[in-house]
Amino acid sequence: MAQLVSASSSAPANVAGESRARVSAGRLVLTTITAATFAFLYVPIFVLIIFSFNQAKSGATWTGFTTEWYAKMFANEDLIEAALNSLLVGTISTLVAVVLGTLLALAMERYSFKGKAFWDGLLYMPVIIPEIVAGVSLLLFFAFIGLERGFPTLLAAHVAFTTPFVYLTVRARLADFDRSVEEAAMDLGADEWHTFWRITLPLLMPGVVSGALLAFTLSMDDFIISNFVKGVGWNTLPVYVWPQLKRAVSPEINAASTMLLLFSIFIVVLSLVLQRRQSRI
Amino acid sequence: MKSDFAIELVDVVKRFGTVAAVDHVSMQIRPREFFALLGPSGCGKTTCLRMIAGFEQPSSGQLLLQGKPLGDIPAFKRNVNTVFQSYALFPHMTVAQNVAFGLEMKGVGRDEIRRRVADALDLVRLPQMADRYPKQMSGGQQQRVALARALVNKPEVLLLDEPLGALDYKLRKEMQIELKQMQQQLGITFIFVTHDQEEALTMSDRICVMSTGHALQVGTPLEIYERPNCKFVADFIGETNFLPGVVTEISGEYATVNVADMSLVGRLGEGVTLGASAWLSVRPEKMQLVDEARANPSALNTNSVTIDSVAYVGSDTRVVVHLGGQRLDVWDENNISTLDPNFYFRAGERASLSFPADNALVLVK
Ligand SMILES: Nc1ncnc2c1ncn2[C@@H]1O[C@H](COP(=O)(O)OP(=O)(O)OP(=O)(O)O)[C@@H](O)[C@H]1O
Ligand SMILES: [Mg+2]
């Protein structure tokens with residue numbers, strides 16, 4: 001950039017020199033900010049990973065390498081159970097949210113009815129409502145209809161707060177959907193059912209998959225709402241981890257967090273691979 | 001009862017809100033015919049096709065496929081296939097899968113599908129592209145896939161919505177010939193939408209000229225060009241000069257029009273009445289310019305004109321003349337070969353312009 005400016009400019013040398021200095025100063029600032037941001041984002045995570053291999057029982061001093069905490073973590077039945085609960089709730093709620101969100105998006109995109117903008121707005125709301133409000137209201141609601149807290153309430157809550165995210169991603173994909181391919185399918189003898197399964201759904205898949213991954217990660221992550229609506233004995237991983245931390249940050253929790261991190265990275269990579277494969281065609 | 005027509009539109013109207021996109025259109029398309037719908041953008045061509053295909057329901061009127069009312073039979077049950085303006089290929093399927101789709105939906109057996117897909121791709125000369133995705137092909141190739149995907153089903157009628165619109169000039173010319181050959185070879189009725197008059201004239205058995213939702217004239221290319229039934233058709237197809245005047249005499253198939261104190265005679269057009277104002281329409285290539293000395297000024301449709309400009313374009317010379325305050329285009333065929341730059345009239349000179357009565361048309365104003 002600086003070279004281009006000085007080479008192509010016929011202005012006096014001092015002006016060219018000045019602009020070069022300004023450009024490289026700007027570059028320095030930008031580089032620094034970028035580096036600082038990356039450090040800010042990833043150094044803590046890096047520290048967490050390192051300390052999950054630290055021999056010391058507590059504290060932030062390095063005393064030697066060990067995998068003991070990982071062994072302990074896998075032997076901790078409560079923690080494993082909470083992790084399995086999280087996986088179970090995450091998987092089932094994602095499946096339900098994907099079906100609901102996709103159908104909602106199709107209905108909202110394809111049909112026109114009175115007050116559509118209003119209903120559309122309502123579907124965005126859960127995304128911006130503070131989680132604490134969502135948690136309290138869900139708790140009240142379950143109490144109101146006399147539903148005892150437990151797996152069903154946990155599942156229903158997770159479906160409720162993940163569905164709008166699936167809806168939003170699928171709706172975005174639908175916005176630039178070319179409906180003439182559906183007409184082409186009908187023209188070639190496909191009824192509505194075949195058109196949906198052979199044409200519409202495959203073309204919406206990238207949106208559905210990103211929505212599903214988003215829903216799953218949000219569900220796995222969720223602490224506040226889960227904490228409100230879970231029943232006794234229905235700990236999810238974040239809900240289990242929280243009280244442990246009140247005592248002290250144990251290396252075992254570091255190990256569990258590292259495992260969760262690996263899992264998230266796996267999901268992100270999976271979504272990138274799926275998207276790459278989709279965009280090839 | 002087997003009908004004489006592949007497709008019939010009977011007084012069909014299609015309204016979108018208050019706008020009539022198709023306004024009381026009737027037409028009859030014969031089996032194995034190459035039928036063109038020709039008209040400017042927005043005149044209702046696509047809407048007509050969409051009603052035949054079953055994507056739109058007429059607001060009133062009736063459509064018949066081989067004599068049977070189409071009614072509200074859904075698109076997927078009509079033995080009609082469409083080649084879409086935008087191709088509308090399935091982006092997530094290979095070429096072979098695209099072409100096989102219609103056959104799969106009809107429950108054709110796997111071996112037969114494989115054979116017919118291969119045949120269809122041979123027909124459109126794309127046999128080696130079966131495993132490509134639409135994105136990996138050029139516009140012309142995609143257009144052929146769209147064609148193969150429709151043809152493989154052996155429909156009674158094939159609807160083509162400006163299928164050559166996206167192609168460059170040369171490919172377009174090639175595809176016009178190929179399409180025409182294919183249509184004759186397969187014996188399928190083609191309804192072909194275009195807004196390119198040359199394309200319609202060269203390819204079609206018959207043409208329907210449309211304007212703002214109306215079907216103005218249906219006829220062979222010859223009929224449409226030589227005997228347009230209204231000013232719009234005469235103007236839309238080819239080049240024409242229009243001289244405004246008043247009808248002073250009607251005798252048999254001819255009418256006399258008074259244009260700026262000249263009496264000009266042309267063929268009597270539909271609905272022209274004595275005393276009414278009318279257009280005398282005459283095409284630039286249907287008039288002769290001769291030296292005044294050699295002309296007989298009292299002959300029919302012969303008048304003295306001033307040459308306004310002369311442009312040599314190779315095959316002919318394009319002249320603009322002044323006739324009674326009107327500018328007229330005259331195209332004179334260059335049927336002599338000479339290097340003399342003064343072989344022709346020059347601007348400012350006078351000449352005698354004439355045309356036989358059969359070369360002009362008197363049309364309603
Ligand atoms: N779904 C629709 N809703 C409202 N108006 C429509 C709709 N489809 C078509 N029209 C209107 O009907 C008229 C005819 O449209 P149509 O698409 O049939 O034109 P066309 O002759 O195919 O034009 P083009 O050559 O540009 O493709 C236009 O004025 C168009 O705006
Ligand atoms: Mg159109």
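Trainee: How far apart do the C-alpha centres of domain 1 and domain 2 of chain B lie?

Mentor: They lie 40 Å apart. Domain 1 of chain B covers 7-231 and domain 2 covers 241-364, with bounds from an automatic or database domain assignment. Bear in mind that this is a predicted model, where local features need pLDDT of at least 70, side-chain atom pairs count only at pLDDT 80 or more, and totals for chains, interfaces and linings use all residues. Residues are numbered from 1 along each chain as its sequence is written, chains are lettered from A and ligands numbered from 1 in the order in which they are written, and side-chain values use heavy atoms, with hydrogens and water left out.

Trainee: How do you know that domain 1 of chain B is in contact with domain 2 of chain B?

Mentor: Contact means heavy atoms within 4.5 Å. Eight residues of domain 1 of chain B meet that rule with ten residues of domain 2 of chain B.

Trainee: Why is the pair B:Glu226 and B:Lys286 called a salt bridge?

Mentor: The term asks for a side-chain nitrogen of Lys or Arg within 4 Å of a carboxyl oxygen of Asp or Glu. Here the closest N and O atoms are 3.1 Å apart, so the pair qualifies. The count between these two domains of chain B is one salt bridge.

Trainee: And what makes A:Glu183 and B:Arg50 a salt bridge?

Mentor: Their closest N and O atoms are 2.7 Å apart, which is within 4 Å, so that pair passes too. Between chain A and chain B the count is two salt bridges.

Trainee: What area is buried between chain A and chain B?

Mentor: About 2000 Å², with carbon and sulfur atoms giving 64% of that. Buried area is the accessible area (1.4 Å probe) that two parts lose on being put together, summed over both, so the figure takes in both chains. The contact takes 19 residues from chain A and 25 residues from chain B.
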